[in-house]
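Please read the following account alongside the sequence and the coordinates.

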Amino acid sequence: MNAAQALIPLPVLIPALAAAATLVAGRRPQLQRLITQFALSAVVVVCAVLVYLADRDGTLVLHVGGWGQSVPGMGPLGITLVVDRLSALMLVVSAIVLLAVVAYAIGQGIRDGDERQPVSIFLPTYLVLSAGVCTAFLAGDLFNLFVGFEVLLAASFVLLTIGASEDRVRAGISYVLVSMVSSLIFLIGIALVYAATGTLNMAELALRLDDIPSGTRTALFAVLLVAFGIKAAVFPLSTWLPDSYPTAPAPVTAVFAGLLTKVGVYAIIRAHSLLFPGGELDNVLLVAGLLTMIIGILGAIAQSDIKRLLSFTLVSHIGYMVFGVALANQLGMSGAIYYVAHHIVVQTTLFLVVGLIERQAGASTLQRLGGLAAASPVLAFVFVVPALNLGGIPPFSGFIGKVALLEAGAANGSVLAWILVTGSVVTSLLTLYVVARVWTKAFWRARTDAPEGHLAAAAPSVLLDDIEDIEFADRDSVGRMPMGMLAPTGALIAVGLALTVAAGPIFSYSERAAAEVLDRGQYISAVLGGDAR
C-alpha cells in the first residue's frame, strides 16, 4: 500500500472512529464538539488531497484486506474502494457541507436537553451519517454501496426523529418505510445481478454484463434504477421527500436536502455509465427527468411554507441531473457533474438560511413573514445570493450548469431532448418566480401586511438554548442570529460563489471526470489491473 492508497479509507474511518469517541464523551458536550469538528475538518483535508491525486494520477484503488485478484477469473475478492475524479469531487463537496452544517448546528445550540430534546446523540449519529455518505461514494462493488445506503438510513432516521415530536415521528415512519422499500428493491437487484453474473464488483460486472442477453440487462438495470430513483427522489418516486424533510431541525434538513438525494444520483451515474452503458433506458430517464423538473417546481409554487417550498425545488432540480446523465454525451455528463456539486452547496445553504429566518422571525410560513429585509439586511443578503444561484441567474454557477445541459440537449438533437431543453428553461423561470415570491412576501412587504404576521413571534424554536433549557421564543435574544450560525452559512455562500469565480477550472475538472466516467475502460483497468475490453 502506497501513501495515496492509505488515504482512501480515511473519509470513512475518521468519522466512524470519531463517532465512537463522541459516544464515550457523551457527558462532555464541549469535548464532543471538538472531536466532531476536528474529525470533519480532517476529512475535508483528506478529500481535497484525493481530488488532487485522482486528477493527477488517475483512478486510485484499494483492495481492503489485500485479497486483490487472489482467484483467477473471479476479479477482486473482498472490499474494493475506488477514487476517481467523480467520486473525489463528490467526497470533497460533501465533506465541506458536512463540516459547515455541523458548525451551524453547534452554533444553534444543540446539546444535552430535557426529555423532549434527547440531543446528546446528535453528533455521534451525524458522524455515522458522514461515514455512510463517504462509504457510498468510495464503494467499488454493489454490496458495499448497499451498506453505505443502509448506514445512511439508520443514521438519518435518528436525526429525522430527534426530539420525538409527533410530526417528526410521523415523518420518520414514512421516510423509513419508503427507504426500506428502496433498500429491499436494491437488495433484490443485487441478488439478480449476482445470479446473472456471479460477481458484485462493479469493474468485473462491467465486463460480464456485456455477455448476457440484452433483455436481461435491461431488466436488471430497471430494478436498480427504481431503487436508486427512490433514493434520488426522481418522479414518480419522489412523493415521500416533501413530507419528510421539513419536519426536522434546520441543520438536519439542510444536510438531508444537500447530500442524501445526491448519493442516489451518484448511484444512477455509476449504473448508467459503468454497468449499463448501452442506452436501453435513456428515453425513460429523459421522460423521468422532464416530469421531475416540471411537477417538482409546480409543487413548489403551491407551497406557503418555505421548507416545503425548498423541498419541492430540490425534487425539481434533480431532474436537471437526470437529464444530463440520460443524454449520455460528454457535455451532458460534465454538466450533470458540475450541477450536482453546485446543487449540493446551494440547496444546503438555503435550508440553513431558513433556520436563520426561523431564528429571526419565529416562523417559516409566508403568511407570518414580512419586513425581514428592513429588520435584517444581513439575512436578506444571505438569502438572496443562494436564491439567485438556484434560479440560474447569470453569472452564478446555476446558470453555468444549466447552459451546459441545454447545449448538451441541443447537441443531442432528438425531439425528446429538445422537449427537455424547453422544460429546463420553463423550470428555471418558474424557480425564479418561486424565489422571487419568497423574497417579496418574507423580505420586502411590511410585517403588518402578512395575514398572520402577529402570530410569528409566538412560534418557538424546536431547539433549546445552549446555556439554559428554555425556548428561544421566550428569551430576549429572539431575532439575533448567532455568529456560530451565520458564519457557516456565509462560508457555504462563499463556496457557492467560488463555483462561479473558478467556474473555468472546476468545469474543466468536471469535463475530465465526465470523460473518465464515460470511458469505463479506465475504471476497469484500474480495478482489475489488466486490459479492459
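Of the 533 residues in the chain, 59% are buried, where buried means under 20% relative accessible area, exposed means over 50%, and partly exposed lies in between (1.4 Å probe, protein chains only). The model is a predicted one, in which local features need pLDDT of at least 70 and side-chain atom pairs count only at pLDDT 80 or more, while totals for chains, interfaces and linings use all residues. Residues are numbered from 1 along each chain as its sequence is written, and side-chain values use heavy atoms, with hydrogens and water left out.

The chain exposes about 18,800 Å², and carbon and sulfur atoms supply 67% of that area. Accessible areas come from the Shrake-Rupley method with a 1.4 Å probe; for residues, only the protein chains shown count as cover.

In secondary structure, the chain has 21 helices and two strands. These are DSSP runs numbered from the N terminus, with helices being H or I of at least four residues and strands being E of at least two. Among contacts (heavy atoms within 4.5 Å) between residues at least 6 apart in sequence, 79% join residues at least 24 apart.

How many salt bridges does a search of the whole structure find? The search finds nine, a salt bridge being a side-chain nitrogen of Lys or Arg within 4 Å of a carboxyl oxygen of Asp or Glu.

One of them joins the side chains of D55 and R85, with an N to O distance of 2.7 Å. D55 belongs to helix α3 (residues 29–57) and R85 to helix α4 (residues 85–108), so this pair ties together parts that are 30 residues apart in sequence. R85 is buried at 12% relative accessibility, whereas D55 is partly exposed at 24%.

The side chain of D55 also meets that of R512 in a salt bridge, at 2.9 Å from N to O. R512 sits in helix α20 (residues 503–518) and D55 in helix α3, so here the parts tied together are 457 residues apart in sequence. With a relative accessible area of 33%, R512 is partly exposed. A network of salt bridges links D55, R85, R512 and E516.

A further salt bridge lies within a helix. R208 pairs with E204, and their closest N and O atoms are 3.0 Å apart. The two residues are four apart in helix α8 (residues 202–208), a separation of about one helical turn. R208 is buried at 19% relative accessibility, and E204 is buried with a relative accessible area of 10%.
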